[in-house]
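Here is a short briefing on one protein chain. Keep the sequence and the 3D view open as you read.

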Amino acid sequence: QLQLVESGGGLVQPGGSLRLSCVISGYSLDGFGLGWFRQAPGKEREGVAFISVNGGVTKYKDSVKGRFTIARDNAKNTVSLQMNNLAPEDTAVYYCAANIPGNAVMVKTTQYEYEYWGQGTQVTVSS
């Protein structure tokens, strides 16, 4: 069974940076597309960043483009999300997720397309 465990969340001031990591166990990461989602209080879960199986294709939510970077390391079975220039509106619980795509370059961007989820890590951006 595929298991995902996030880490790296915390409290940071506006303009600061955090790096989230997600360790995947149970299967090799080679065949899975990966994504980061977030859910703020009272809001629906939304997709933030996504990466294809081969790592060559990435997509981002418009509001995080240029600030967030998703990366995968198949050798270490990890996916990371580097978040820079954080703003209060980035406050949320962040989840990593995995899906089985149709090919090596496909990127899925909705939560309904992801089969496996971590438990989440809290990110709070506040002064």
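The link between Cys-22 and Cys-96 is right-handed, with 45° about the S-S bond. The pair connects distant parts of the chain, since Cys-22 sits in strand S3 (residues 18-25) and Cys-96 in strand S9, 74 residues apart. Keep in mind that this is a predicted model.

**The disulfide**

- The structure holds one disulfide.
- This disulfide joins Cys-22 to Cys-96, with an S to S distance of 1.9 Å.
- A disulfide is a covalent bond between the sulfur atoms of two cysteines.
- Are the two cysteines buried or exposed? Both Cys-22 and Cys-96 are buried.

**Salt bridges**

- Side chains of opposite charge can pair when their charged atoms come close.
- How many salt bridges does the structure hold? The structure holds five.
- One of them pairs the side chains of Arg-38 and Asp-90, at 2.9 Å from N to O. Arg-38 lies in strand S4 and Asp-90 in the loop between S8 and S9, so this pair ties together parts that are 52 residues apart in sequence.
- Another salt bridge brings together the side chains of Lys-65 and Asp-62, at 3.1 Å from N to O. Asp-62 has 62% relative accessibility, so Asp-62 counts as exposed.
- Arg-67 also meets Asp-90 in a salt bridge, at 2.8 Å from N to O. Arg-67 lies in the loop between S6 and S7, and Asp-90 in the loop between S8 and S9, so the pair ties together parts that are 23 residues apart in sequence.
- Arg-67 counts as buried because its relative accessibility is 15%, and the cut-off for buried is under 20%.
- Asp-90 has 0% relative accessibility, so Asp-90 counts as buried too.
- Which residues form one network? Salt bridges that share partners join Arg-38, Glu-46, Lys-61, Arg-67 and Asp-90.

**A closer look at Arg-38**

- Arg-38 lies in strand S4, which covers residues 33-39.
- Arg-38 has 5% relative accessibility, so Arg-38 counts as buried.
- The side chain of Arg-38 makes a polar contact of 2.7 Å with the side chain of Glu-46.
- A polar contact of 2.9 Å joins the side chains of Arg-38 and Asp-90.
- Both partners in that pair, Arg-38 and Asp-90, are buried.

**Nonpolar cores**

- In soluble globular proteins, nonpolar side chains tend to be buried together.
- The largest nonpolar core has 28 residues. Which of its members touch the most other members? They are Trp-36, Phe-68, Val-79, Leu-81, Met-83 and Tyr-94.
- Seven strands each supply at least two residues of this core: S3, S4, S5, S7, S8, S9 and strand S11 (121-125).
- Apart from this core lies another, of five residues, among them Phe-37, Phe-50, Ala-97 and Tyr-114.
- What does Tyr-94 contact, leaving aside its neighbours within four places in sequence? Its partners include Glu-6, Leu-20, Trp-36, Phe-37, Arg-38 and Val-48. Tyr-94 is also in contact with Phe-68, Leu-81, Met-83, Gly-120, Thr-121 and Val-123.

**Residues in the loops**

- Gly-56 is found in the loop between strand S5 (46-51) and strand S6 (58-60).
- Gly-56 has a relative accessible area of 61%, so Gly-56 is exposed.
- The C-alpha atoms of Gly-56 and Ala-104 are separated by 8.7 Å, and these residues are 48 residues apart along the chain.
- Asn-77 is found in the loop between strand S7 (68-73) and strand S8 (78-83). Its phi is near 55°, a positive value in a residue other than glycine.
- Is Asn-77 buried or exposed? Asn-77 is buried, because its relative accessible area is 15% and buried means under 20%.
- Asn-85 is found in the loop between S8 and strand S9 (92-99). Phi of Asn-85 is near 50°, a positive value in a residue other than glycine.
- Asn-85 is partly exposed, with a relative accessible area of 47%.

Methods: Residues are numbered from 1 along each chain as its sequence is written. This is a predicted model: local features need pLDDT of at least 70, side-chain atom pairs count only at pLDDT 80 or more; totals for chains, interfaces and linings use all residues. Side-chain values use heavy atoms; hydrogens and water are left out. Helices (H or I, at least four residues) and strands (E, at least two) are DSSP runs, numbered from the N terminus. Buried means under 20% relative accessible area, exposed over 50%, partly exposed in between (1.4 Å probe, protein chains only). A polar contact is a pair of N or O atoms within 3.5 Å; within protein, one must be able to donate a hydrogen and the other to accept it, and residues adjacent in sequence count only if both atoms are side-chain atoms. A salt bridge is a side-chain nitrogen of Lys or Arg within 4 Å of a carboxyl oxygen of Asp or Glu. A disulfide is a pair of cysteine sulfur atoms within 2.5 Å. A nonpolar core is a set of buried Ala, Val, Leu, Ile, Met, Phe, Trp, Tyr and Cys residues joined through side-chain atoms within 4.5 Å. Contact means heavy atoms within 4.5 Å.
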